[in-house]
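Biologist: I want to go through this model label by label. Please set each value against its cut-off.

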Amino acid sequence: VFAISNGLNVLIDAVLDPNTSDLAESLLLSLIHALNDDNSRKHLNPFLDLRTLLSPLTDLDIDSSGDQIQRWTAAKVALVILMRTWTGVILITSDELGLRTLVSMLKDSKISVELQNIIIDAITEIFEPIIVKMPRPRKVFSPNDFSSSNNEAARSPRENA
């Protein structure tokens, strides 16, 4: 019933609507539940539906007006929430027009700086939990640590002989 009545598109439109930003996470979790369930997934087209969710970030025909920046921000929040679930990671990274497209947009000079900053913010937020948990290096290396004179001292006794 959900798929036949176009329920997924209604959820996606509500997620991208700046007026319902306070409901975005709950709506996305409902979307993820539908995509994760075998019975509902067979009636859905997850790649096409997720492309619709990312379309504010990938549609280049729209100027960066105030409303568009709100839609970019809503799509960024959706991307971050999706990428923090296994279902979202699998679907967004396995689609050629998913995460790859967003990363390739960072090197395209035709993309506005505002949009590139939003994409960078999204990637930063996606990896933030991993980066925070990474151990800090015990020693701070300087360029002198890698000079040729230091490399000779670091050789094993067999190499020095």
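Modeller: Start with the elements. Helices (H or I, at least four residues) and strands (E, at least two) are DSSP runs, numbered from the N terminus. G7 lies in one of these runs, helix α1, residues 7-16. This is a predicted model: local features need pLDDT of at least 70, side-chain atom pairs count only at pLDDT 80 or more, and totals for chains, interfaces and linings use all residues. Residues are numbered from 1 along each chain as its sequence is written, and side-chain values use heavy atoms, with hydrogens and water left out.

Biologist: How many helices and strands does the protein chain have?

Modeller: The count is 10 helices and 0 strands. From the N terminus on, the order is α-α-α-α-α-α-α-α-α-α.

Biologist: Why is G7 called buried?

Modeller: Buried means under 20% relative accessible area, exposed means over 50%, and partly exposed is in between (1.4 Å probe, protein chains only). G7 has 11%, so G7 counts as buried. In space, its C-alpha is 9.4 Å from that of L31, 24 residues away in sequence.

Biologist: What share of the chain gets that label?

Modeller: Of its 161 residues, 32% count as buried.

Biologist: What makes A78 buried?

Modeller: Its relative accessibility is 0%, so A78 falls under the cut-off. A78 lies in helix α5.

Biologist: Which residues does A78 touch, leaving aside neighbours within four places in sequence?

Modeller: Contact means heavy atoms within 4.5 Å. On that test A78 is in contact with V15, L28 and L53. A78 and I12, 66 residues apart in sequence, have their C-alpha atoms 9.4 Å apart. For the chain as a whole, take contacts with a separation of 6 or more: 55% of them join residues 24 or more positions apart.

Biologist: Why are α4 and α6 called roughly perpendicular?

Modeller: Axes are lines fitted to C-alpha atoms, for helices over the stretch in contact, and angles run from 0 to 180 degrees between N-to-C directions. Angles under 35 degrees count as roughly parallel, over 145 as roughly antiparallel, 65 to 115 as roughly perpendicular and the rest as oblique. The axes of α4 (residues 46-58) and α6 (residues 86-94) come within 10 Å and cross at roughly 90°. The label is therefore roughly perpendicular.

Biologist: Which residues make that contact?

Modeller: P46, F47 and L50 from α4, and L91, I92 and S94 from α6. They divide into 5 nonpolar, 1 polar and no charged. Here Ala, Val, Leu, Ile, Met, Phe, Trp, Tyr, Cys and Pro count as nonpolar, Asp, Glu, Lys and Arg as charged, and the others, Gly among them, as polar.

Biologist: How do you know that the buried residues of α6 line one face?

Modeller: The buried residues are T87, G88, L91 and I92. Seen down the axis, they fall within an arc of 105°, so they line one face of α6. The arc is that of the directions from the helix axis to the C-beta atoms. On the other side of α6, W86 and I90 are exposed.

Biologist: What makes R51 and D95 a salt bridge?

Modeller: The term needs a side-chain nitrogen of Lys or Arg within 4 Å of a carboxyl oxygen of Asp or Glu. R51 and D95 meet at 2.7 Å, N to O. R51 sits in α4 and D95 in the loop between α6 and α7 (99-105), 44 residues apart. R51 is partly exposed at 31%. D95 is buried at 6%.

Biologist: How many salt bridges are there in the structure?

Modeller: There are 2. K76 and E125 form one of them, with their closest N and O atoms 2.8 Å apart. K76 lies in α5 (residues 66-83) and E125 in α8 (residues 113-133), so the pair ties together parts 49 residues apart in sequence.

Biologist: Are K76 and E125 buried or partly exposed?

Modeller: K76 has 13%, so K76 counts as buried. E125 has 28%, so E125 counts as partly exposed.

Biologist: Why is I120 called partly exposed?

Modeller: Its relative accessible area is 40%, so I120 lies between the cut-offs. I120 is in helix α8. Its C-alpha is 9.7 Å from that of K76, 44 residues away along the chain.

Biologist: And what label does L97 get, and why?

Modeller: L97 has 47%, so the label is partly exposed. L97 is in the loop between α6 and α7. L97 and L48 are 9.6 Å apart, C-alpha to C-alpha, and 49 residues apart in sequence.
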